[in-house]
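Subject: Structure for you to look over

Hello,

Here is the structure I said I would pass on. Please open it first, then read the notes below it.

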Amino acid sequence: MVELLAPAGTPDAFRAAIAAGADAVYVGLGAFNARAANGGFSLTELFAACALAHAHGARVYVTLNVYVRDDELDDAVGLAARALAAGADALIVADMGLISRIRSEFPEAELHLSTQAGAQCADAVRLAARELGVERVTCARELSVAELAELCDTGVEIEAFCHGAICICYSGACSYSALMRGRSANRGDCTQPCRLAYELQDGSGAVLAGGAWERGRAQGGPAMRPDGDRLLCPRDYLGIRHIAEMLEAGVSAFKVEGRMKGPDYVYNVVRCYREALDAALAGRPLDDAVIGELEARLARSFSRGFTSGYLEGGHAATGAGLMSLERAVNQGLCVGRVLEPRHEGALVALEREVTAGDMLEIRSTPGPDAPADVPKRWPIVPCPCDALPGEEVLVPCKRKVEAGSAVHMVRSAGAISEAESVVREMREEEARLVAAMPPAPSIDAGLDVRGAGPGRDGDAANASDGERGPVEPTRFAHARRRSAASRAPVALEAARHRDGLVARTTGMVANGPAEGDADESLHAVLELGEVCRREDLEDVRAACDRVCRGGAPAVMVRNIGQIPAVRAAGAPWEAAPPLQVWNAETARVLLRLGARRVWLPEELTRWDLASVRAHCAGAAGGSTVEPAQDRRAAQCHAGDVVDIAAEGSTPLMVTEHCLLTAEGPCSNDCPTCPRRLASQAGWRFLVELDRKSPGARLAVRVDEKGRTRLYRA
């Protein structure tokens, strides 16, 4: 069965999804989900939601997709049990240790691998199904339709995103928010630094793109570069033109992003994709006019503009067209233009239907000669009446606007009203269903679900020493003073040149010994990188061959998709972030898979390191460790196979987008691009303009495939 999978951050959004025709809905439960700002459903709400969904033939999936520490594993497993008892059909999980525990204790549970786990190629999908026991894999957003087809050919169910917000960083590989702002994206508490304003500078501090350059352009400078300073902000995913292709590729579930969105967003978006998917399933391809109208309906809900670049692949996935450089807020739908400004109003000629109460944004920007007290933001005003295309409407507006200014609808009163109506009907139906059912099982006993889980890491940092052991003043202060840094690996990046694969020390991940430590405490490994898509596997195999021929002692595996190739080659390997290891159970999974050493993420503390070692030691020889499979799993207590990665050993972000396209048109030849070569020499920096952390500088590195990595400068 092919599913249209909808998000629901609240019970009303859930009801809207069912009314719109979703085949399945995914929800958060407590704080063990990747939306900490949304507390998720209570178990009572989940029980009622499952009753409503099942009455309509729909399924319910619960997200337990954050990474959990050792002292949280039992609660997470308990929450999984309660979710299943409440009627959930499957659990979406990222943490390999949590998957292992749930699979062990609830062998009949249906498990889906979260996109946070970083599955980007067919090898990753096979390993997840075979070694972790998941029934479905949610793949990376960055994949093209052709790559999706390869994943689907594995025979494992593939869930692919079709609509919604995009993280510019590969999912599960972002430590920007954690290490720079103290709140972890891997714990569902991202501060969204990708939506902020930046400048791109060279080594001398000259601005190449972004805020200050834009100010200079307004004063008469050259206008050849893309406008805007949101240099890390992508447009929203729009896959509605590619539904038939994705279906032909074998995609099992079409996923809409949006657990932070309201019921009107969910209802509108799901209805549009329901229409497109039904047409594709019936073999009735929609013509361009119908698709265009669906896209216009989708634009009535929140978006930062739209892109289908990832599905198309190539430079469409890496260039400036992917980005919403101008701003990071709702772009809306263009409905007309200002004919003429009038006293406290503007006469608007309509190109699309509007409804009384729609909020209209008049995109008239004051010129450079405007008085200083004139607001710089575009005015947003209510539409006074219903009107059809071709009609003229006098819109109240006290600001002076210019003739010809575009008018965008940024809030649809009609969409909100329609969603409210169907939600009321669903709420009444749900109440009748629950009233007719036997009492819910005592699933709430002994656990405050809304308070369960990690919550904000800042709260955990304030726990007493008696609760969490010797906790540092902030969970992230360890990155600057961790003595274990001397044990971090020196990584050698695999690079392709005309004379074949060579290794070079990157300087981006190399760490010298701490003061007083011996040089021999360091060891070198060959870096495989954080991304493992189809195009990367050749380099992975070449690196393994080099290691097996004695060119390096081991390879550094950073993606689940690299493990099968490394094992097949017989190369020694170590596991490092963004293969996320937050607990001893995950460490044991990787050791059983063959890792000779496991590196914990930078955002963990020395206490976390001690905890992982202690829990591994406590389990050694017990029923959860099988020394016969791999003796390394029983050696964790010795402290010689688990350590915390040193500061700077992994990037803050790794993106498929080439940040250097903000400087101007792309040459489409990454290996020879002068801007890319300059970035590799250390001559490009990204500088935050946000008032909370102004001036923070990040080193920009772009590799030969056009991928951008950001490092703390």
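**What was found**

At the start of helix α11, a side-chain oxygen of Asp287 comes to within 3.2 Å of the backbone nitrogen of Ala289. Please keep in mind that this is a predicted model.

Helix α11 covers residues 288-298, and its buried residues are Ile291, Leu294, Glu295, Ala296 and Leu298.

**The chain as a whole**

The protein chain contains 21 helices and 29 strands. Of its 713 residues, 59% are buried. Among contacts with a separation of 6 or more, 70% are between residues 24 or more positions apart. The accessible surface is about 27,000 Å², and carbon and sulfur atoms account for 50% of that.

**Helix α3**

Helix α3 runs over residues 73-86, which makes 14 residues. From first C-alpha to last, α3 reaches 20 Å, close to the 20 Å expected at 1.5 Å a residue. In an α-helix, residues three or four places apart point the same way, because there are 3.6 residues a turn. The buried residues of α3 are Leu73, Ala76, Val77, Gly78, Leu79, Ala80, Ala83 and Ala86. Their cover includes the helices α2 (43-55), α4 (96-105) and α19, along with the strands β3 (59-64) and β4 (90-93). Just after α3 comes Gly87, with a positive phi of about 115 degrees.

How many of the residues of β1 are buried? The answer for this strand, residues 3-8, is 6 of 6. In a regular strand the side chains alternate between the two faces of the sheet. In β1 both faces are covered: Glu3, Leu5 and Pro7 are buried on one side, and Leu4, Ala6 and Ala8 on the other.

β1 pairs with β11 (residues 253-256) in the parallel sense over 3 bridges, and Leu4 stands opposite Phe254 there. β1 is also joined to β2 (residues 24-28) by 4 bridges, again running parallel. In that pairing, Leu5 stands opposite Ala24.

**An antiparallel sheet**

An open sheet of 6 strands has the order β16-β15-β18-β13-β14-β17, with antiparallel pairing. Its edge strands are β16 (380-382) and β17 (392-396), each of which pairs on one side only. From one strand to the next, the twist averages 40 degrees. Within this sheet, β14 (residues 345-350) and β17 run antiparallel and are joined by 5 bridges. Leu347 stands opposite Leu394 in β17.

**Two serines in loops**

Ser114 is in the loop between β5 (111-113) and α5 (122-132). Is Ser114 buried or exposed? Ser114 counts as buried because its relative accessibility is 2%, and the cut-off is under 20%. Its side chain reaches the backbone nitrogen of Gln116 at 3.0 Å. Not counting residues up to four places away in sequence, Ser114 touches Asn65, Ile92, Val93, Ala94 and Thr138.

Ser171 sits in the loop between β7 (157-164) and α7 (176-181). At 14% relative accessibility, Ser171 also counts as buried. Leaving aside neighbours within four places in sequence, Ser171 is in contact with Thr115, Gln116, Gly118 and Arg141.

**Backbone details to check**

- Gln192 lies in the loop between α7 and β8 (198-202). Its phi is near 55 degrees, a positive value in a residue other than glycine. With a relative accessible area of 41%, Gln192 is partly exposed.
- Asn668 is in the loop between β26 (653-655) and α21 (674-680). Its phi is near 60 degrees, also positive in a residue other than glycine. At 47% relative accessibility, Asn668 counts as partly exposed.
- Pro577 and Pro578 are joined by a cis peptide bond, with omega about 10 degrees. Pro578 is in the loop between β23 (573-575) and α19 (584-593).

Regards

How values were computed: Residues numbered from 1 in each chain as written. Predicted model: local features only at pLDDT ≥ 70, side-chain atom pairs only at ≥ 80, totals over all residues. Heavy atoms only, no water. Buried < 20%, exposed > 50% of the residue type's maximum accessible area, 1.4 Å probe, protein only. Contact = heavy atoms within 4.5 Å. Pairing = 2+ DSSP bridges. Axes fitted to C-alpha atoms, helices over the stretch in contact; angles between N-to-C directions. Polar contact = N/O pair within 3.5 Å; in protein donor to acceptor, adjacent residues only side chain to side chain. Areas by Shrake-Rupley, 256 points an atom, 1.4 Å probe, with all protein chains shown as cover. Expected span 1.5 Å × (residues − 1).
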